[in-house]
Amino acid sequence: MSSGCGDTGRGTIGQVIRVRAALAVVSLLAVSGCSSVVPGSPVAGVRFEQRGPAGAVPDGLDRFYGQRVAWSGCEPFAQAREERVLFRAPGLECARVEVPLDYAEPDGTTVRIGLLRRPADDQGARIGSLLVNPGGPGGSGMVAAASLSSAIRDTDLGRRFDLVGFDPRGVGASEPAIRCLTTEERDAERLDNDLDTSPAGVAETEQEEKEYAARCAERVGTEFLATVGSRDVARDLDVLRSVLGDEKLTYLGFSYGTRIGTAYATQFPAAVRAMVLDGALDPAQNPVDEVVAQVGGFQGAFEAYAAHCAARRECALGPDPARASARFRELVTPLVREPVPVGDRRLSYDDAITGVIAALYDDQLWELLDQGLSELAGGEGRVLMLLADNYYGRSGGEYSTLTDAFTAIRCVDDPPLLDPAAAAEADRRARAAAPFLDDGAAPSPALDVCAFWPVPATGATPGPVSAPGLPPVLVISTTGDPATPYQAGVGLARALGGRLLTYEGTQHTAFLQNVECVDEAAITYLVDGTLPPEGTRCR
């Protein structure tokens, strides 16, 4: 089955943030330039700060945990046009922090992690830093923090915490970056649908996967690729905790960011102060079951959208929600043979599917989806191409690190699927779970790129987790979340011995998204450690 989440299998609030930033950036922020010169600073526009070491410091890592940080304006850290606008907001400051490439060899090569900070409004009542990651994997925590800055204004969160977004190693402004394909190569890859499940088609698909893996190995390097998983990102997170001056970590993870949170909790349970995990991944769920559950979640979101659309006077899917999947197939299938011109580019079948999936992340994007499908019915593809570009991180004719980082991280976090029969069964299950994504071909036994990845997986095997001494964490799960289905949150809360907060809605994640009940409960927990009552449900 080919789909916009095709070989991705993960969702991210960062993708939605990118869509909103690109489409409504003027309304997000009224910006002005950051102040540039700090009196007495030895370097114009730079403010040096040393708050670490703080808390426990592993042997041999003192120089990293206690390093001095150079904070400056954020615009030079931006990786895309819309990021430059976000990063010019008053009061934001950015830096890079040095960490070991390989924690087993701390005296060897180092890499640098990008940080964006919105300082607490009341520094006298400041509790510490709230480190945030939006998931992906591959989403920019710096972009997430800049985007969320206005949401925490006039709240206890904004008054009491420095909000700090970090780009995990290889992502966004962190150095080096994971870049496997050029813009031209990525554009060409998006036009290649890989729908042929015959033996010849499978062989061609697998050869393309091998070539992609080889390009990543050549252009990024296997030494670096071996260290980009959540295991090492959690270690980086502990360095950041200390460098920012916090004896214990306060963390907010969305979507795949919950996996980073889980990895940190299992490695450093005694170093956790508080942790909100929203849009959870269940550590006990194997990758195939996770993908099947996710595409089933998108089917549910598609059906909810179809019902919404059918109630409108003009709906490209027609007036009968029961026929919405069939009508959708009628709209997108012709793209397999004939992509739709969009300027000097062409909207492919995969791009159309990806654009639809991007809009299904949040019901606030359904109006845009209406426009996209109506355009497609009329032989145009501008809106769906815009949605797909934002999903892939394409801006100003260039791609962010999002897609390449996504693949690289996933391939070292999860064990690869190496059995063609198991791959075909996984595809069959995914087609059954999401009819609107089923192109009608036979299930494919093609192995995905991780089967040919040049470095081994380093992630934990799915199963029970152990985090002795971990304080109670708060897990938020949304009943109609398409990307991280509700039951995964139930599973994560159980695995970590945490408290589950349920939000009844159809969107991906809920905290700091204008849901008063969720925001009040999570902010209270982050500020004073008080969990919401067992069984709390927000609407």
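**Close-ups of a predicted model**

**View 1. Glu 75 makes a side-chain polar contact with the side chain of Arg 88, at 3.2 Å.** A polar contact here is a pair of N or O atoms within 3.5 Å; within protein, one must be able to donate a hydrogen and the other to accept it, and residues adjacent in sequence count only if both atoms are side-chain atoms. This is a predicted model, where local features need pLDDT of at least 70, side-chain atom pairs count only at pLDDT 80 or more, and totals for chains, interfaces and linings use all residues. Numbering runs from 1 along each chain as its sequence is written, and side-chain values use heavy atoms, leaving out hydrogens and water. Leaving aside residues up to four places away in sequence, Glu 75 touches Arg 84, Phe 87 and Arg 88 (contact: heavy atoms within 4.5 Å). You'll find Glu 75 in the loop between strand 2 (69-72) and helix 3 (81-87); helices (H or I, at least four residues) and strands (E, at least two) are DSSP runs, numbered from the N terminus. With 32% relative accessibility, Glu 75 is partly exposed (buried is under 20% relative accessible area, exposed over 50%, partly exposed in between; 1.4 Å probe, protein chains only).

**View 2. Strand 4 (residues 110-118) is largely enclosed by the rest of the structure, because seven of its nine residues are buried.** Strand 3 (residues 93-100) runs antiparallel to strand 4, joined by eight bridges, with Pro 100 opposite Thr 110. Strand 6 (residues 161-167) also pairs with strand 4 in the antiparallel sense, over five bridges (pairing takes at least two DSSP bridges). There, Arg 118 has Leu 163 as its bridge partner.

**View 3. Helix 19 (residues 486-496) has eight of 11 residues buried, so the rest of the structure largely encloses it.**
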